[in-house]
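Let's take a friendly look at this structure, one topic at a time. Keep the sequence and the 3D view side by side as you read.

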Amino acid sequence: MTRAFLAAAALLAAAPASAQIKIAYIDPLTGPFANVGEAGLQHFRMIVDRVNASGGVLGGKKLEMVAIDNKGSPQDSLIAFQSAVDQGIRFITQGNGSGVAGALVDAVNKHNARNPDKTVLYLNYAAVDPDLTNSRCSFWHFRFDANTDQKMQVITKVLAGLPAVKKVYLIGQDYAHGHQVAKAAIEMLKQKRPDIQIVGNDLHPIGKVKDFAPYVSKIQASGADAVITGNWGNDLSLLVKAAKDGGLKAKFYTYYGGGLGTPAAFGAAGADQVVQVTEWHKNVLPSPLEQISNEFTRKTKQDLYYFRILNEIRMLARAIDQAKSTDPRKVALALEGMHLKAETGDVWMRKEDHQIMQPLYVSTFEKVDGKKVKYDVDGTGYGFRTDLVVPAQETVLPTTCKMERP
Amino acid sequence: MSAPALKLSAVRKSFGRTPIIRGVDLEVPAGERHAIIGPNGAGKSTLFNLVSARFPVSSGRIELKGEEVTGRTPHEINRRGLCRSFQITNIFPHLSVFDNVRCAVLWPMGYRYSFWHRLSALRDARERAEEILERIGLAARRDTLAGVLSYAEQRALEIGVTVAGGADVILLDEPTAGMSRSESDEAVALVRRMTEGKTLVMVEHDMGVVFGLADRISVLVYGQIIATGTPAEIRANPAVQEAYLGKSVADA
Amino acid sequence: MSGVPPVLNRRRLLGFGGFLLVIAAAPLVVSHGYALSLFCQIGVMTVFALSYNMLLGQTGLLSFGHAVYFGMGALGTIHALNAVSAGARWFPVTLLPLAGGAAGLLLGLVLGAVTVRRAGTTFAMISLGIGEMVAASSLMFPAVFGGEGGVSGNRVTGQGWFGVTYGPQLQVYYLIAGWAFVATVAMYALTQTPLGRVANAVRDNPERAQFLGYNPQRVRFLMVALGGFFAGIAGGLSALNYEIVTAEALSAHTSGAVLLMAYVGGAGTFYGPILGAAIITVMQVVVAGITKAWPFYFGLFFLVIVLYAPGGVAGVLQLHLRARRAGMLRRLAPAYLAGAGPVALLVGGTVTLVELAYAVVNRVEEGTARLRLPGLVLDSRTAPPWIGAAAAVLVGALLLRVVWKRISGRWAEIHAALAAEGRS
Amino acid sequence: MEFLLITLLNGVTYGLLLFMLSSGLTLIFSMMGILNFAHASFYMLGAYLAFQVGARLGFWPALLVAPLLVGALGAAVERLGVRKAHRFGHVAELLFTFGLSFLVEELVQLVWGKAAVDYRVPPSLDGAAFTLFRTSFPLYKGFMMAVSLAMLLGLYLAITRTRVGLVIRASLTRPEMVQALGHDVPRVFTLVFGSGAALAALAGVIAGNAYVTEPGMAAAMGPIVFVVVVVGGLGSLGGAFLASLLIGVLQTFMVASDFSVVDLARRLGLGVPDAPALARLSLTQLAPIMPYLLMVAVLIFRPRGLMGARET
């Protein structure tokens, strides 16, 4: 057994020596969410290659992604984290699952407290639990995605501008994220449109429902004009399909309508029905993003989805240069309050809670028309059309974070 | 010695709509060796299964040593002092011969489901099991897995396991089934030795065995007992001869 | 017919002493942090797999829901830990796995009462359903289960005794190793009690056991409850090791994993599951780090064990030990040597095929589609590697068939010899 | 009224789908004593093959071809694997199918990727069958019902009118008898195993596009089908049918209801203390674990299952 281990350790350690700054990518590479993890990794590789091609950091050092499979589980993420630490990696990034993110934040905090000379910095590109930048905020954690509350801020802003919407239905997966979405929706709607009636608030077990028809007939019976859902993956595509079959006319305001693979699953059923909030989509076309996006698609046969990954790596590279060091503490201090002139507008990392602020786009799933909807997603023939751009300033929400800096 | 060891009153059993046992009354006094004979399909094994509660009775009443046991579970009946063997060898194949017997003595010795006794420290259980092994002639095979014993050895073990627990009513289902003449003689001697002083009820096909061993015999035909009596009486009973024995007994 | 045999005979002394030596010395041999966490995992899984084998190997209960006890034990421990951290209760962290054991035992008493009516397939089906139910409801009660993020804790509470704070992984390793040893001894001791033996009897032949006065349902019930206790301890150890417990701990996935460990290791022996826990954990962690195809190899390996070595690794080992005791191991050597080539061809070919397939599926986007082996680069878009690998598989399989006859012939001789010896 | 009717129809559709899966499982289980873990894998393969075949030949040929292919595969699995594992007993058989389900999932991911495939309802069946006030009932659901019912009829005829059916029926009530026949029935075993796989695949063909065809679909469906078989009673086709419908309809209505658990208990006249954790639980939330709750209840109060002849 020891021999087997040694052989494996030797293999693991046999990474190319030329790489100088490693970033561990801890996300699912096997199991049900492997496709999402794989796609994220490709985004990272693409932008890291670009940064390296333009000279790297610290006057020529290269960045390198080291992928470590966490099988989508918080527990395996800790094993992955340990493995990263053992390889001497000081930067980790992860995105899939707030549960994993919470576990990693805890683990990083504990590790850094117990090993002050080997600290690790955690860059979160997609876990949206508001707690991570509020009650559980940490100096070692930076989030590059808008959190649940920020996105809900945008969704409710859109609904507030639609006088025809009188009744809203909430449906979500029965776990932390679903609960947070529902809570935020209720609070923010009350604030912005007290006249809107919430006619339903359903929670269903995550990943277990095969037929959403009964939920849809319930929504139908409630007379809802709009549905808000934090669902992702199958739970979203099945819901949308069932809504189409049931003849439901209400629109779906979603967090993950354009999530990788999801549009393929609901297909035409989502046309004009699915609205999403993102920091970018393929039909937001400022130069040179169109070109980057097309090149990415050509190379990987996938859509560019995570614009924020580009921001994350660019900001990290700049922070390393500014700190003139790869010491996580110094890099973190440099990241705090950093501004970036991104293609979509001004983007900054708020110092108080390490939450990124960036413009957000509201867009609807529609048939490609060559003009406003130039590119489709997942090869479906449908793409997203921008309805509204919300500047970063308007997504700023107060935080309860009391950051402790070492 | 007032109550009989075993008493069956109007016991009936049907599978679906097919009646198998059609009203059996039987009394076996304590200490008697009683054989049940009858043609194939008469319901002998079914009767055993009813008495040992492997199957529930459809109607009727079964008493063990004066206490009604109808509707009890097999282990409850066993704990009241009745133990049975099986026609098809029915032992614990992956346990050693010794452990087969030891399992049979643990319950009656009060160790039950204990997980605070160390087995090897239970001297009484070990000695009792070893004594049984001596008596059934398997002491030399003590540590062999029961599943790899020869057929005759397994039959002996079957009897050993059945009597080891010290039950005073023993039911043996064809103890000599499938044995050669000499093996069968040994088995009969074994049964005789092992059931000394106990009530024995057995089903048996081999008439030599039955007439040599039994104090009394009951003849079961089509789910009913047509006669009960000593071997001599049964031999002489014209109804039995006609219904079942025919000429063969007269020749024997 | 003499006195009571001693608790420690030579075999046990050798077995448990060796076990103790291995777990005590492991971190001295390889002290790399990664290895240490691997050892910790193996320690946890050893207890878990052994507790599972109390059901499968010893009582004949095939459970697909054993993780429920593990998860409950982990939850019980992490909540107890948090209560200790918060100062609500005082309790030494060292003994916290007992809280897990209590939780597992309690759940075992409740679920055992419902599930033990029958063994075999029916029990399997019911355990699966109950496992699914508990796992599905875990997300409904976030206060207990912590939702998708699980419940976190911090095992470092207060000053600790004599410098033992359980901060460093090495201290946690010795905590786990100590518990694993104690639990292993306890579970072994259980096999040497009346209940342990009667459980074997019920496994072999529940009906006969019933006719000897034992209530098979009661025996199964007790074994399920005690199995739950030890699974709970394993869960408690895992809670202290990771300092987090998620719903995954009681999921069907974990139940499947422990079944694999016990079966692959060998359910027929006491030590089999320990081997299984080590082998499967190493596969899960190490092989998963090397190739993305690990679940595939995993499934294949398991099927091979089921079809060709139902006694598991320990079963195979046991056979060879018997042959060695009889001094006949040498007779096998030439046949095994002849078999090594075909096996290497078969395995190498299969691995290459699988890796090529995964290369096609997974690496197209990188534009490489190449399989890099030490000193060799295979391009999955060209035919030769495929043809070569397929040929290797075919030739290997054919040769193995031939050699197999020789090997099984040798084994037949050995069995015959052993049987003859047993008779005399 | 409209709501009730639509919900009932939805429930029956789902129930019938469950029956398509559980009937094969019941047949295999009662004849061979095998709890076929890979049963739902055949369901998944049916969906994927229908997607693949359908892309070339269209949906209608796929409806026939995919189940036949999977049926042949099932027969091969029985011949080459299950029979081999049988030598080592039922546990080995079960574990064999368990490992197989694992491998099938990996293979499916290898061939078709880890994301859902775009397997769509054919245009000719897309649309509404009828509309009640505001809610429409999709034509495809009607089609699913029709296929399930046709299969049910076919199965009934096959079992009551053919020689093989006779053996199967005998084995349902007297498994030990057929097992005692042993050597005479391996071909029937292969046939039943293959047919069971084909039935599961047929369910996959018609459900894969109505729901989602992805590698997790087998793992999601498998446990429910086992529950159906237990609740219905082992070895009882009628029980499986009843349990399928019961679970389908009950679950659908629970989802559609607006009660919390506490509300319901109070309505039934049960005194319930105010427990905040429970009060928040709605029946909707509980719906997906309802089958398991039902199974536990059946195990406690009626271990034979609804219509089982043998005790579980």
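Chain C is divided into domain 1 (10–294) and domain 2 (326–423), with bounds that come from an automatic or database domain assignment. This is a predicted model, in which local features need pLDDT of at least 70, side-chain atom pairs count only at pLDDT 80 or more, and totals for chains, interfaces and linings use all residues. Residues are numbered from 1 along each chain as its sequence is written, while chains are lettered from A and ligands numbered from 1 in the order in which they are written.

**Domains of chain C**
- Taken over C-alpha atoms, the centres of domain 1 of chain C and domain 2 of chain C are 35 Å apart.

**A helix in chain D**
- Helix α3 of chain D covers residues 59–86; helices (H or I, at least four residues) and strands (E, at least two) are DSSP runs, numbered from the N terminus.
- Its 28 residues should span 40 Å at 1.5 Å a residue, and the 37 Å between its end C-alpha atoms agrees with that; the expected span is 1.5 Å times one less than the number of residues.
- α3(D) has a kink of about 40° centred on D:E78, where the bend is the angle between axes fitted to the seven residues ending there and the seven starting there.

- B:Y222 is not a glycine either, yet its phi is positive at about 45°; its place is the loop between β9 (216–221) and β10 (224–229) of chain B.

- A:D272 counts as partly exposed because it has 13 C-beta neighbours inside 10 Å; a residue is buried if 20 or more other C-beta atoms lie within 10 Å of its own, exposed if 12 or fewer, and partly exposed in between, with C-beta atoms placed from the backbone.
- B:Y222 has 15 such neighbours inside 10 Å, so B:Y222 counts as partly exposed.
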